[in-house]
Amino acid sequence: MSKRTAFRLLLAALILVTGALGCARDEPQIAMGVRTANDHAPFYLADKLGYYQDEGLDVAVHLVPSNTEIIEAVQRGDLQAGAVPITTAIAAISAGVQIKIVAMTGRAGDGLLVRSDSGIETLADLRGRRVATIRGSILDVPLRVALQDAGLDPERDVTMIYFTKLGDMIQALETGQVDAASNTEPFMTQVERDGWGEILCYYSASWPDHPCCVVFVSESLRSERPDDVVALMRGHLRAVAYAQDHPHETAEAIVEYLEAFDVPLVEASLDEHKMRIDAEITPQEVERMAGLMHEFGLIERLPRADELLDTSLLRRAQP
Amino acid sequence: MSGWRHRIVGLPALLLALVVWEVLPRSGLLNPVFMPPCSQVAWRLWYLLRSGELLRHCGASLLRVTLGFGLAAALAIPLGVLLGLHRRLYLRLAPLVGVLRPISPPAWIPLAILWFGIGNRPAVFIIFVGSAASMLLGIVAGARGMDRRWIEASLTLGASRRQAVLWVVLPALLPSVMTQLRIGLGLSWMAVIAAEMVAVNQGLGYMMVQARNLFQTDTVLAGMVVVGALGWALDRLLLRLERRFLGWRAELEPHDLLAA
Amino acid sequence: MAGAPNWSHMTYLQLDALHKYYRPEGRLLTVLEGVDLEVARGELLVLLGPSGCGKSTLLRLVAGIESPDGGQILLDGLPVRGPGRERTLVFQDGLLFPWLTATENVAFGLRAMGIGEGERRRRAERELARLGLEGFGALYPHQLSLGMRQRVAIARALVLEPDLLLLDEPFAALDAARRRQLQDDLLTLWRGRSLTTLFVTHSLSEAVLLGDRIALLSPRPAQVLSLFTLDLPRPRREHPERLDAWRTRIGEALSRAAGSSAGRLTLGGGAAMLWHA
């Protein structure tokens, strides 16, 4: 073919590609990405019990395998809202992703597992040992705080081994490749029940009631349709209240959506000493988490509080 | 084309690509979150280099590749020659190798971690399986396709079987072995990046997966650039070795090998 | 018969009822069917036959790189088992090792004998000089012309001072001038060492020029059709009309053979090839 034709084809291809990357898609009113975890129960409940519909919203709740994928989907425009660990949200905002945290969904529930026969009884016993965690995540920052509390330097006094999946860490613990594994409910309770491991501590011991997972919305949703976000918050608040009062039904919903575990186990893991489903969130705790991430070198830029959090929509949703 | 000319002729396309890469994200035509501009990635590369991080990660990946590839070659060359020359033995083992080869490196990861734990060993294992089977089959094919008459010639010159293998078979097979080594090195390099995405604390694959989870796309791209560049450099290194040892090969004419 | 070579009539190489067959894809292909032949010490015997008749196979059996399926091969009374440098074979395309220089190629057999580097280099270079390749030893085969490569191949065989020199159409790929040159060189070398030589060719002219005797082979499955003893004095090029006479005589024998065994002449081109000068 001639050079001109070739050039035109190339240009057309280029335009197609950029167009495809930029254009909006056909979607329900709000597409929301959540994980399979205890503290995402409010979304399962709201979805199942129709709380969003009651607010006049058409919300599609998608179960997504990883936090990173949720953020990436929001970047692409496939999702407009989601629930991820606060650390993921902070890292994303720090890197320039256009989202904002609007509410909490769950607190605590994370801690350290060790093998029953390991002889490790306190955090101080972890000196010189290998600890499995997911770098930069909610399993990492509170862990470092807990270690510091116990007088250990997370970089020097223990060897952090970084994984990307919860299940891999448990396997590594079981086979003896690591001495402690940072993990979350309901895995913690399950390991204890299985007998070979035990819970060394919960991070809430050194940071009581620390934030775990948060709800966020994309900037475009927040600026273009704030009323829809308020309606979403109303549904969320209702679901949170329900979860706090009905642990058994909550456990049933979790088992149904996760397609794993059993109701008695999950119900036991929802115990208030282990974790708490909650919608309230304060700027102070968000700033503290961001500050710690920055201090530990997990994020490069420390975002301002108003960049990270907007509670006005949650306030408007409250009676 | 004469020497320097054919190197230059590829430059305009390369430069155009770089310019497009810079302009599209900056102008907003392409969302910069998805594709940071070229200059930002370049800056990130510089930053990583200066902080020593990049060298640390490169070193870790290169070490694993060297070990894994080295082991794979150490197995594939002698075994390949043996199977290539002994038809019966080859028929017995060929199905087993044939079944193992298509299993891609990431598929081996769970097993590798289970058997070898975390750190260098599972990565080296994954690289090993990623390249050994392919090199083995390639060397076998080369050995089977070797002109048997060279062996015959050496025997009629009084060489023992052992001498024939060492002095004739190995040099005769060197060209195809070198080709297989280059292919195997390429496969090893790809396998190491996949293998480093789990349970290691350094390496280019690790660097990229961590960057992804912290939404640092410019680091991901910087990593890809380094992976591409190192992969290219490794291949050139082997090519140089090939030229040095096989200077006689390029000039082999067809009628040397065919019967009149 | 003045000037005819006077060798000892002791049989040096004896082929008895040699049988060889192959089974390509299950079919039975008989290549040699009951070949009998005797070669005297110091003789240059030419095996003449159409292409594909099995004369190369015969040579390979004598060289020991293949074993007969029937019959036996005796060298100086002892059965031949496997290849060895005393029965070295010069292949059709020389088959020099491309990764070795000319000198290293020639020295190959010496190295296999365990001779030290200095000594084998000396012998190799001397042999190359005898074949007119002095100074070319450091070159690789690909840098040499075809004719030169064949010389190196012959040097490689001769340096081992074999009891029996086997040559499989060594000059077939060369042009007329080179072929002439090499034929003369071979004759010189053969005479100088009284080397027992088996020379395979499909060229009538070459056979008549070189052979003390010519064994005419039939097309596959091969048998020795007839043996001719050439009472021609050497150098034979000085007697072109006698060469001619022999060519005619053998040529007639060939066409008679072709006519009488028409059923086995599967290669029409074979007979025509024999007339190729």
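Start in chain B: helix α4 (residues 53–85) and helix α5 (residues 87–100) pack at about 120°, axes 6 Å apart. Axes are lines fitted to C-alpha atoms over the stretch in contact, with angles from 0 to 180 degrees between N-to-C directions. The angle makes α4(B) oblique to α5(B), the class left after under 35 degrees (roughly parallel), over 145 (roughly antiparallel) and 65 to 115 (roughly perpendicular).

Select Leu82(B), Leu83(B) and Gly84(B) on α4(B), then Leu89(B), Tyr90(B) and Leu93(B) on α5(B); these make the contact (C-beta atoms, placed from the backbone, within 7 Å). By class, five are nonpolar, one is polar and none is charged.

This is a predicted model: local features need pLDDT of at least 70 and side-chain atom pairs 80 or more, while totals for chains, interfaces and linings use all residues. Residues are numbered from 1 along each chain, with chains lettered from A in the order written.

Next, show chains A and B together. Their contact takes 21 residues from chain A and 20 from chain B. On the chain B side, helix α10 (residues 204–213) gives the most, with four residues. That side divides into 13 nonpolar, six polar and one charged.

Move to chain C. Nine helices and 10 strands make up its secondary structure (DSSP runs: H or I, at least four residues; E, at least two). Of its 277 residues, 45% are buried (20 or more other C-beta atoms within 10 Å of their own).

Pick strand β6(C), residues 87–90. Arg87(C) and Leu89(C) are buried on one side, Thr88(C) and Val90(C) on the other. Arg87(C) has Leu164(C) as its bridge partner.

How values were computed: Two residues are in contact if their C-beta atoms, placed from the backbone, lie within 7 Å. Ala, Val, Leu, Ile, Met, Phe, Trp, Tyr, Cys and Pro count as nonpolar, Asp, Glu, Lys and Arg as charged, and the others, Gly among them, as polar. A residue is buried if 20 or more other C-beta atoms lie within 10 Å of its own, exposed if 12 or fewer, and partly exposed in between; C-beta atoms are placed from the backbone. Two strands pair if DSSP finds at least two bridges between them.
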